[in-house]
Amino acid sequence: MMKKSSWMLLLCALPLLCSADLKLMENGKPACTVILRKDAAPPEKFAAKELVRFLGKIADGKAPEIAEKPVAGTVPVYLELTKDEKVKEEGFKITATAGELRIAGREPVGVLYGVFKVLKAFGGIRFLIPGEEGEYYAIRPTISVPEGVIIENPSFAHRDISRVCMAWNSPVLDTLDWGVRNGMRFQSGAGKINLKNLKEGREARAVKSAIGGHCFSPLLTYNSSIKAKDRKAYVDKMFREHPEYFPIIHGKRVITRDGGANPQPCTTNPDVIRIVAASAVKQFRNAPKPCVLVFGNNDTTQWCQCDNCRKIDPQEEKDQGLVSTRYWTFANAVLDEIYKQAPDLRFEGWTYQNYSRAPKGIKPDRRVAQIMVSNHRRCWKHALDDKNCPTNKFYYDYNKEWSDTGVPFYSYDELSHAGHAFLPVAKPWVDALKFYKKHMPNYMGTHTEVCCPDGNYSPRFKKYLVLNNWAMMWQMMYIGMAFHWNVDSDYDAMYEEINSLYYGKGWDGGMREFRKMLTKLFMDAPGCWGYGHSVPVGKFLDVPGAKEKLYKLLDSAEKAASDEIAALEKGEGGAKEQVNLQRTPDKAGAAAAPAAGKRALIHAKRALAHIKKDREFFEKTWVAAYDKYITNHRDIKLYPLMGKITIDGKLVERDWQNADRFTRFQKADGQLAKDQTSVRLAYDKDFLYMGIECFDTAPDKAVVNTRNHDGNVWEDNDVEIFINDPILGSAYFQIMINSEGVVCDGNAAPRFDKTWESGVKVAVVKEKDRFVMELAIPASRITGSAFGAGTVLKMNVMRHKAAKGEPSEVSTWSIGTPHSVDVFHPISFASPRQVSAGNRTEVNTSLWKNGNFDIPDKGKKSRVPKHWKTNGNGYPASWSFSNAKQYGGDMEYLLHDGSKTNYYVRLRQGFLFNNYGIKSDVIRGSVRLRGKGKLDLFVLRYLTEKRKRMGKGTAKVYSIDVDSPEWKTYTFEFKRPGIKAEDHSLMLWPAKNSQIDVDDLFLAPK
């Protein structure tokens, strides 16, 4: 018997028909009339049109009629409102009796949701993605509804997404359609809409309007009668006449014009409160209803510094640099004024920037409709309550804190980096929703960002990954919205159904395993994944054979999809089998067969196109990121001072000439930065010195607003330095310096803690085409001890170029997010530069060489003993092989998949060793390992003068048990055996029956 095609699943899930069923379509002909009141609201009218259109489409026949009263001989389908208390806000009730069908909502949008429930439950249609391409249904000439009552209410009140990167008034009707068909309630700006079809389209789809946003100054300076060209003069006049409305910054009143980087107005001034409230009411009265005021600050952390404003801040908030009490004091006062005039306006508060935490000195007004909690950087690889996840430990406490206020809240979460992600995060999102529903009853839903397929994009955003963002994350979008409507849905059944439709035969043919493997690689990668602090996407493929296996699965899926198309084009069973499933008279079934076969072929061709697209997405995201990740390894050495460096911003000392330069800073998309940065490093026992040249085509346009230590330097034209001592794991120090030399520093473990002070000394000099930073960072603040040859740190350097009138540019010397320790480069503190006496070539003066195995030796005079088994790919320079045959020898020197430069070794038998010159009493190290077995670390001891092995010259110093198919980092330390006059080597020796991959082995003095 032929296996059912994916498009047949739509039919198999439908109930069997019986005589009591109400027929809406019969044998491809209308059997019902949709009854609509004359005074029906736009969403009800739209619901009627959609119902008849899709009934005709699914049955492949003429659409039913819409009328104001029943038509004899047809089943009346009433679209109406209800006062049934069981139907909550935005819910619906479907009642099918012997003679009629009623689809009712508490409000008009509920009618719209009820109509699509009928179409999906009894017509079998699914709307997987926006647009006609997302419509999945099998031809069903007869469509019936069984007698009974269905009542559904949404699990979460907030079911919206942030549509990013596109023009705010993009006519995204396909996306809006997808939303209402899947239970969403969109919210859009209430600005003037000149496109008639868009205005009417939003009304029909019950889109809520929103005023506000970053609105403190815009509401203060609002005047609808002022033309855009006269606005500057109007605000200037207000500033002259009422400077008290405006903030004091560094002792001076400053003008604030808009909701961007302008500081907040004086939020304690009674007139400011009155004016802001009055402006909000005016905008509300002109806006389509329903309407919400999104009450957010100007998009900056600068607030008024007058005495009245400052005295509101509790000391606890002052100590943490927070203004939460000040925000809510202002918000409550504005809300109180608004409700005197417009009690039906819904007020939405924010938690954002430096007012994220719940206030200590006041409580939010209970009339606040909802609060947006900024969860932008939470981790999506771990559960919100995972106590072992350092990122989510903060976010759990943060969300619980707001839940306990008793005010309804929703979370703004970045489930993907809009325009860059191809990630399997549908299940983590569903798990989060279930957790919130169970543990935080005031939670209203999640708000995430996505780029719409039908948006209007400027050249800046009109790029492949942006335009395909929704297609890359379609499972997440569909399932996430489905669970927002019904959090108790069956995830596994839904996941299987939608993917079977979307990929056709390709789902069984390879795509199921492809998605399963993507999910495993994503979830198993060590560390967290979230916006701005992610495990590098390239690291997900850093598993032996993963990329090759994924490509094979794609090949297999494409073949299966192609075979399905060929079979359908030949008429082999597809249409015939579908007709048999219709359970309709032979004559009607025979008539439907051509349409059924045609529909099946459409689905099959879509499936093949989807698989090919997923291949492109995989290559442009995972594979591209992997290629960058594995080729982004550089040998960065710094040398001790031979003289003295004066911190004056002038890189003229000889030690700077002696230092290597590191440049080729890249943006997040892998392209070289337009304005490059060059870094030089040096050290002495007390300081790490850095000379940073920031080239700039327009240095006079640099944006620098921060003048106080630990201020918002990251908003300025700045350089940011990230330093990790490998012994600290994923924790690191961050030092930010703007082009005026103002410093903000802290310890990130994982949250940024400004209480840590770097003690950095800084000088900045501006030149015609660059600004130059010279700095010295105390060793005591990084490692707690003096620097010396053999010290190893991991570092990243980021440049944020902020210029007036130009888009900002962020670039780093490491690929990936700036805050990800995994992509920090190792920097090795070497001995003074030397050249060999013979050929005058430079000698590597690092006390520990080629610890990352990336320097190969493929010379003809191989030093690999004959008894060793190798893969013939050479061997790592600086490493030696045991000569003793009794211990055997089995090693492979391998490249990480897709790389031409990033090597590791696979050890099974025998031992490798490498000399080190570290003379400290205690030596510490870190190493990345994977495989199964045990790796023993030994120290080989030699007499310095003759390089002769000493008696009892082998000391076991550490053992590591390994049982992981993925790379893991291990840290260790050991006491240096013998006396300092000895020479030592570190030996790696796998235990019997072990296979262990070794990479990134670093030693340093403690």
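Me: Why is Asp-60 called partly exposed?

Reply: Its relative accessible area is 48%. Buried means under 20%, exposed means over 50%, and partly exposed lies in between (1.4 Å probe, protein chains only). So Asp-60 counts as partly exposed. This is a predicted model: local features need pLDDT of at least 70, side-chain atom pairs count only at pLDDT 80 or more, and totals for chains, interfaces and linings use all residues. Residues are numbered from 1 along each chain as its sequence is written, and side-chain values use heavy atoms, with hydrogens and water left out.

Me: Where is Asp-60 found?

Reply: Asp-60 is in the loop between helix H2 (42-59) and E4. Helices (H or I, at least four residues) and strands (E, at least two) are DSSP runs, numbered from the N terminus.

Me: What makes the phi of Asp-60 worth a remark?

Reply: Phi of Asp-60 is near 55°, a positive value in a residue other than glycine. Most residues other than glycine have a negative phi. Asn-27 also has a positive phi, near 50°. With a relative accessible area of 36%, Asn-27 is partly exposed.

Me: How do you know whether Cys-304 is buried or exposed?

Reply: The relative accessible area of Cys-304 is 1%, so this residue is buried. Cys-291 has 4%, so Cys-291 is buried too.

Me: What makes a group of residues a nonpolar core?

Reply: A nonpolar core is a set of buried Ala, Val, Leu, Ile, Met, Phe, Trp, Tyr and Cys residues joined through side-chain atoms within 4.5 Å. The largest one here has 139 residues. Phe-295 and Ile-338 are among those with the most contacts inside it. Helix H21 (residues 586-631) gives the most to this core, with 10 residues.

Me: Why are strands E4 and E11 called edge strands?

Reply: Two strands pair if DSSP finds at least two bridges between them. The open sheet runs E4-E3-E5-E7-E6-E11, with mixed pairing. Strands E4 (65-67) and E11 (148-152) each have a single partner strand, so one side of each is left without a neighbour in the sheet.

Me: How do you know that E6 and E7 pair?

Reply: Strand E6 (residues 92-96) and strand E7 (residues 101-105) share 5 bridges, in the antiparallel sense.
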